[in-house]
Amino acid sequence: MTVPALPLGLLRDRLGEARSRTLELVAPLSDSDVTRQHNPLMSPIVWDLGHIAHFEEVWLLENIDGAGSGAEGLRGIYDAFRHPRATRDRLPLPDRATCLAYLADVRRAVLRRMERIDSHADTPLLRGAYVFNMVLQHEYQHNETILQTLQLMEGEPYAGLGGNRCGMEQGNEPRTGDMVHFSGGDVFVGTDDRSQAYDNERPRTRLRVEPFRIDRHPVDNAAFMDFIAAGGYRTNAHWSKAGLAWRARERAEAPLFWFRRDGVWWTRAMGSEVPVDPALPVCHVSWYEADAFARRAGKRLPTEAEWEVAASWDPVRERAVLYPWGDEPATPTHANLDAVRSGPARPGSHPGNISPLGCYGMIGDVWEWTASRFLPYPGFQAFPYREYSEVFFGEEYRVLRGGSWATRPGAIRNTFRNWDFPQRRQIFSGFRCASDAKS
């Protein structure tokens with residue numbers, strides 16, 4: 001069988017576009033903004049820049065001809081396992097100019113190396129352009145990480161990218177609060193794709209999903225304000241044991257970045273203080289807060305299998321689609337992605353962002369917490385390195401799905417699995433609820 005040629009021209013363009021966004025994100029920042037650690041939860045931005053360059057150097061220069069198994073991983077100051085985020089400000093990090101030069105030097109070397117690649121090479125890393133797509137998605141994901149850091153940064157409002165850059169108006173579709181029903185059955189989750197999907201998304205898995213209901217829309221600020229007003233943070237019965245411990249430790253009384261002013265809820269978004277819009281999906285809540293809200297509502301969080309069914313399963317064609325709207329790749333026109341707005345959008349802003357089952361906004365706006373722990377699918381095989389997924393499997397992490405307003409379109413799909421500690425809320429996280437149902 002003839003191996004399809006690598007689309008080297010297209011890959012060069014995508015690498016260039018990804019780098020342009022990275023540079024655009026940091027361009028308005030001062031040298032101090034880039035080098036200082038703004039919060040122990042996040043790295044100094046200069047570390048992210050150097051890490052992007054080092055990851056590209058490792059995979060597109062040092063290991064591009066390899067099979068991927070056993071390839072040497074990141075090392076030195078950019079080894080994320082040796083250097084947790086909270087300690088990275090103590091590393092001998094280079095300054096902004098040195099990091100930008102490192103990014104440029106590695107990219108020049110990569111472009112020269114691409115000129116010598118056999119476009120019909122058939123190795124696991126090159127097949128389907130996998131290693132290029134991995135490097136691209138890595139940079140995309142660090143773009144969102146940088147935006148999380150900027151959300152935590154104190155001082156003047158962030159002046160980069162601009163709000164509502166695509167010129168789209170906010171939608172005004174009313175949030176109905178109803179739920180979508182799935183009657184149960186055998187479905188497929190995950191994927192066998194080996195060109196873009198990460199190893200934790202594979203293999204495509206057949207499983208039985210019992211009947212359930214799931215919110216048509218993500219939970220909005222109005223509903224969460226009702227939860228607060230009804231004593232949701234003070235009623236212990238709504239909280240798990242771990243949630244109670246977290247709530248006491250954090251002294252949590254509202255989503256992160258919310259505060260009261262003259263009896264009105266306000267929030268801080270990318271440095272700007274604005275009244276909380278009741279119609280927007282709630283953002284910056286932990287798994288514990290989402291779980292408590294769901295308990296009070298007499299519901300629960302969906303499993304990730306239920307979430308994926310609600311986002312992708314077409315009961316008429318009895319198959320899963322790649323995105324809620326079908327198989328057409330994600331763009332900011334389809335969903336609130338790519339930082340075209342500096343936060344979630346009102347329901348109806350993207351009228352085509354509806355899944356075959358009728359759920360709105362399952363891609364974009366906010367990452368959605370699920371009930372599931374981050375575990376491998378049956379038949380999982382680590383590729384191309386254990387440290388991306390395998391070392392994180394276990395009881396500590398909860399799975400999030402769907403991406404956020406800050407997620408780049410090339411780094412999200414219905415099968416994409418994100419994970420984080422249940423206490424995290426600096427991420428752009430929200431949720432929708434589910435419940436058991438009769439068939």
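I began with burial: buried residues make up 57% of the 439 residues in the chain. I took buried as under 20% relative accessible area, exposed as over 50%, and partly exposed as in between, with a 1.4 Å probe and protein chains only.

A reminder to myself: this is a predicted model, where local features need pLDDT of at least 70, side-chain atom pairs count only at pLDDT 80 or more, and totals for chains, interfaces and linings use all residues. Residues are numbered from 1 along each chain as its sequence is written, and side-chain values use heavy atoms, with hydrogens and water left out.

Next I looked up the secondary structure and found nine helices and 14 strands. Helices here are DSSP runs of H or I with at least four residues, strands are runs of E with at least two, and both are numbered from the N terminus. The radius of gyration is 22 Å, close to the 22 Å that the globule rule gives for 439 residues, so the chain is as compact as a globular protein of that length. That radius is taken over C-alpha atoms, and the rule is 2.2 Å times the number of residues to the power 0.38. I also noted the box that the C-alpha atoms fill, roughly 65 × 50 × 45 Å along the principal axes.

Then I turned to contacts, meaning heavy atoms within 4.5 Å. Among those between residues at least 6 apart in sequence, 78% join residues at least 24 apart.

H181 stands opposite R213 in β4.

My next stop was an open sheet of four strands, in the order β12-β11-β10-β13, with mixed pairing. Its edge strands, β12 (418–420) and β13 (429–430), each pair on one side only. β10 (residues 367–373) and β13 pair in the parallel sense over two bridges, and I found G430 in β13 as the bridge partner of E368.

Last, I visited L41, in the loop between α2 (31–35) and α3 (45–62). L41 counts as partly exposed because its relative accessibility is 28%. Leaving out residues up to four places away in sequence, L41 touches R85, R424 and Q426. The C-alpha atoms of L41 and A86 are separated by 6.1 Å, though the two residues are 45 apart along the chain.

Definitions and conventions: Pairing = 2+ DSSP bridges.
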